[in-house]
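This briefing is meant for someone who has not looked at the model before. Please read it with the sequence and the structure side by side.

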Amino acid sequence: MSNEQQVHYYYPPEELVKNAAVSGMDAYHALCKEAEDDYEGFWGRRAKALLDWKEPFTQVLDESNAPFFKWFADGKLNVSYNCLDRNVNKGLGDKVALIFEADNGEVTRVSYKDLLARVNRFANALRGMGVKKGDRVVIYLPMSIEGVVAMQACARIGATHSIVFGGFSSQALRDRIEDAAAVALITSDGQHRGGKALPLKPIADEALTLGGCDTIKNVIVVKRTGVDCNMVAGRDTWFHDACADQSDVCEPEWVEAEHPLFILYTSGSTGKPKGVQHSSGGYLLQAMMSMQFSFDIKPSDVFWCTADIGWVTGHTFIAYGPLACGATEIVFEGVPTYPDGGRFWRMIQDHKVTVFYTAPTAIRSLIKTADNNPSVHPRQYDLSSLRLLGSVGEPINPAAWEWYYEHIGGGRCPIVDTFWQTETGAHVITPMPGATPMVPGSCTLPFPGIQAAVVDETGTEVPWGQGGILVIKRPWPAMIRTIWNDPERFKKSYFPDDFQGKLYLAGDGAIRDVDTGYFTITGRIDDVLNVSGHRMGTMEIESALVAHEKVAEAAVVGRPDDLTGEAIVAFVVLKGPRPTGDEAAAIIKELQNWVGREIGPIAKPKDIRFGENLPKTRSGKIMRRLLRQLAKGDDVIQDISTLENPQILEQLKG
């Protein structure tokens, strides 16, 4: 990317530039300069303009207890009020807030007025059960209207929600309930995926029997699939029964801007998931700003983020950001390949979607589907309503970017290749669709107000063109506040002593282009894998494997994968002899299913290899760099002089 002759730049269309919230690079640079010259004023002015406050704040940023930063701390507001009431009060009550398309294709439209009433009824139901400000509520639901209602209802009464992805196991659910000390669990009898009804309530019931969930007093169950499920008297209540006699009016709980809106658990490099804690005021501000700057949201837009609410993308770009901006958004229950590989394109056509936000994994799988079945190729559908595309979850490879641009965007829709994390809350590096010249594979430049940099191990900035560690130099409103109940782990994970505790460590490597300063993300620097945009800790998977009765030892690494971005490869030592042939195949399947049950299907290793031992130094440390080479199928060319058992490498080649 050294000069314009070697790189193809893609420029935003003139019409979009003319009407964009950030119109042209001069406007982008002006915003960045505003933030550089008056950092607190930049954020404070937008917090006053974009959010409705019950009690206005007088201090923008409190750095007195760094790195536990506070934003707008003496102000009070309510997130649900900002998403719903004020839109109804502005005359948008009859505007469609949610377009829910079920797995079977049935469509339900919910207006802002109706959504507010639903949220109020459920908020009153929770209050009636004794749930109050500061209590934690775990939500284990599929993509649904009720999922959004549950999140908004918790926000309305000041309860802190923690969503557990519907694909996670009973053990993973139990661990999160215990860590959060949740008082209530909201789940469903089941979920529809790909034409099948899958159970959820039985998994939730199992989680509650595993111990450590004694804080749960109420379980509220959405009737989604109609399958029979066990309802425990005195504890379990049907969602519809809980809401049946409740009032449509519920006074919001006005909370401090720093009040925890949600905890979202994400994998770390150690086995225990981290409860990322987010605030109310700062988080909502940047959710709105990302909608406005990155997606250039307009009143006429139909916005579709394909993420699940179980991930941060579904929080920011389904449950909160679009609603706070008064947008119309799609909530989709199903999968992109059911009933066929044209599902996404048919939905864009039928709902006249204007802004489409999905993951590179989905794009790559649909490229393959389209190539194999021309009848579901995007050219068969009318995608002319689209004006903007987005990519999220992992770096998008240039070939997928080009296909997305040409075949979905028709060569006229900018692609907003967004880099951000559960911990950042909102976009931190991304093109501005009406300003930034785009380069496939690069997330381009920092979001206005974000001071990103690439540094070496000492925290010193490296020259452009030299790879290093991605950091952010100043706190920002939507950033993680702490790790729930573990402030020391928060400091160690994100503000390490290596950087004198002053730089936020993103955990990713990056490089900046010599000429443009564009960022390209080069991958994780810790033991965390990115599989289809989902972060999985290697230690978590290793712990699950060694919990199996046949496994003595395991090491997990990632390898590049054309479909999922990164694939999980496990190197396993069994307690018995090293298996081969059919016996090995049977044990591989057994271990994959075991990990699927322990953590969830997304954690299943794609490749399992058996050895009589693992490659270790003489001090007993596993040499993971060698395993990464073996996983990729590369010849081991690194120095192995410290390796105690070099002969083991041949066994593990696969």
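This is a predicted model: local features need pLDDT of at least 70, side-chain atom pairs count only at pLDDT 80 or more; totals for chains, interfaces and linings use all residues.

Residues are numbered from 1 along each chain as its sequence is written, and side-chain values use heavy atoms, with hydrogens and water left out.

**Domains**

- The chain is assigned domain 1 (336–413) and domain 2 (532–652), with bounds that come from an automatic or database domain assignment.
- Taken over C-alpha atoms, the centres of domain 1 and domain 2 are 34 Å apart.
- Five residues from domain 1 and six residues from domain 2 make the contact, which is defined as heavy atoms within 4.5 Å.

**Interface of domain 1 and domain 2**

- About 450 Å² is buried between domain 1 and domain 2, 55% of it on carbon and sulfur atoms; buried area is the accessible area (1.4 Å probe) that two parts lose on being put together, summed over both.
- Thr361, Arg364 and Glu394 lose the most area on the domain 1 side, together 69% of what that side buries.
- Two residue pairs are in polar contact across the interface, both at pLDDT 80 or more. A polar contact is a pair of N or O atoms within 3.5 Å; within protein, one must be able to donate a hydrogen and the other to accept it, and residues adjacent in sequence count only if both atoms are side-chain atoms.

**Hairpin**

- Strand 24 (residues 504–512) and strand 25 (residues 519–524) pair in the antiparallel sense over five bridges; pairing requires at least two bridges found by DSSP, and strands are DSSP runs (E, at least two residues).
- Arg512 has Phe519, in strand 25, as its bridge partner.
- Six residues lie between the strands of this hairpin, where Gly517 takes a positive phi near 75 degrees.

**Backbone features in loops**

- Ala66 and Pro67 are joined by a cis peptide bond with omega of about 5 degrees, and Pro67 is in the loop between strand 1 (61–62) and strand 2 (70–71).
- Another cis peptide bond runs from Tyr338 to Pro339, with omega near 0 degrees.

How values were computed. Helices (H or I, at least four residues) and strands (E, at least two) are DSSP runs, numbered from the N terminus.
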